[in-house]
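Dear colleague,

I am handing over a structure to you with this message, and I would ask you to look through it before reading on. My notes on what was found follow below it.

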Amino acid sequence: MPTSAQPGTPTSPQEPHKARHVAESFGEDAERYDRARPRYPDAMVRRIIAASPGHDVLDVGAGTGIEARQFQEAGCRVLAVEPDARMAEVTRRGGTEVEVATFEAWEPAGRTFDAVIAGTAWHWVDPVAGAAKAAQVLRPGGRMAAFWHVSDQPPTVAAVVTEILRRAAPDLPIVPPREGQTAVQAYQPLLTKAAGGLREVGRFGEPEQWQFDWQTSYTRAEWLDLMPTFGLLTRLPPDTLDEVLAGAGAAIDALGGRITVDYATVVVTAVRTP
């Protein structure tokens, strides 16, 4: 059963890049975000690099630099662009050069790159304006790659959290998955919108969708540390968040104090045409 509130990605509105109050909420606890958010599969990093013409990478919406560090460790030179100065400071301390701006307003000053990446961030960028800016800064044959984690947590934990949110925060835009729908299928409208933006600018080849499946185990403490970084939870009042965490913690205790979460990391990618 897909989670009703995927980490970091709102289910509504239809134009999340306009929801700046949500996009800018993650920096309120940037250290937790960097500590708790999952890393990206090494196989994904290697495939993006192998499918790019070189090792100069621009990381859009870099957050605290999680994916930037992974690409640097794989041998890339990475420049990060991040609109939240609090998140950017963590990125900078992690050893990545970062410029503070939204991608749409960022000035490339003639710089070009072999790959433009965005880790769980492209939905905060206007899909058409962002694709046009990516095409502007990519060298011919360069690769655009936006990627997201999509997760399935244990149904009992998801059900408890959904019930609490519906009661305590009824205005949250929770859209439950349809019966039999996978987590990736529930995410597909967001992925389709990203691909549509790449098509619309007319400077990319046909977008592809890659998927990397993996799983990891969390202790109760680890999962409760991660939950406040989820996009639907970052702006909850403290007492409501405490109630959500208490409910999730009790559900995890009932499962023995540890849960296994299935992830699919999905990439929307296309090559810049000459």
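Predicted model: local features only at pLDDT ≥ 70, side-chain atom pairs only at ≥ 80, totals over all residues.

Of its 274 residues, 56% count as buried, and among the contacts between residues at least 6 apart in sequence, 80% join residues that are at least 24 apart.

Asp 59 is buried and yet has no salt bridge, since the nearest side chain of opposite charge, that of Arg 69, is 8.9 Å away, whereas a salt bridge is counted only within 4 Å. Leaving aside residues up to four places away in sequence, Asp 59 touches Glu 67 and Ala 68, then Val 78, Leu 79, Ala 80 and Val 81, and finally Ile 117, Ala 118 and Gly 119.

The other place to look at is where two helices meet, namely H6 (residues 127–137) and H8 (residues 183–201), whose axes come within 8 Å and cross at roughly 55°. At that angle H6 and H8 are therefore oblique to each other, and H6 passes H8 in a right-handed crossing. On the H6 side the contact is made by Pro 127, Val 128, Ala 131 and Ala 132, and on the H8 side by Lys 193, Gly 197, Leu 198, Glu 200 and Val 201.

Definitions and conventions. Residues numbered from 1 in each chain as written. Heavy atoms only, no water. Buried < 20%, exposed > 50% of the residue type's maximum accessible area, 1.4 Å probe, protein only. Lys, Arg positive; Asp, Glu negative; His and termini not counted. Contact = heavy atoms within 4.5 Å. Axes fitted to C-alpha atoms, helices over the stretch in contact; angles between N-to-C directions. Helix = DSSP H or I, 4+ residues; strand = E, 2+ residues; numbered from the N terminus. Parallel < 35°, antiparallel > 145°, perpendicular 65-115°, else oblique. Left-handed = near helix turned anticlockwise from the far one by under 90°.
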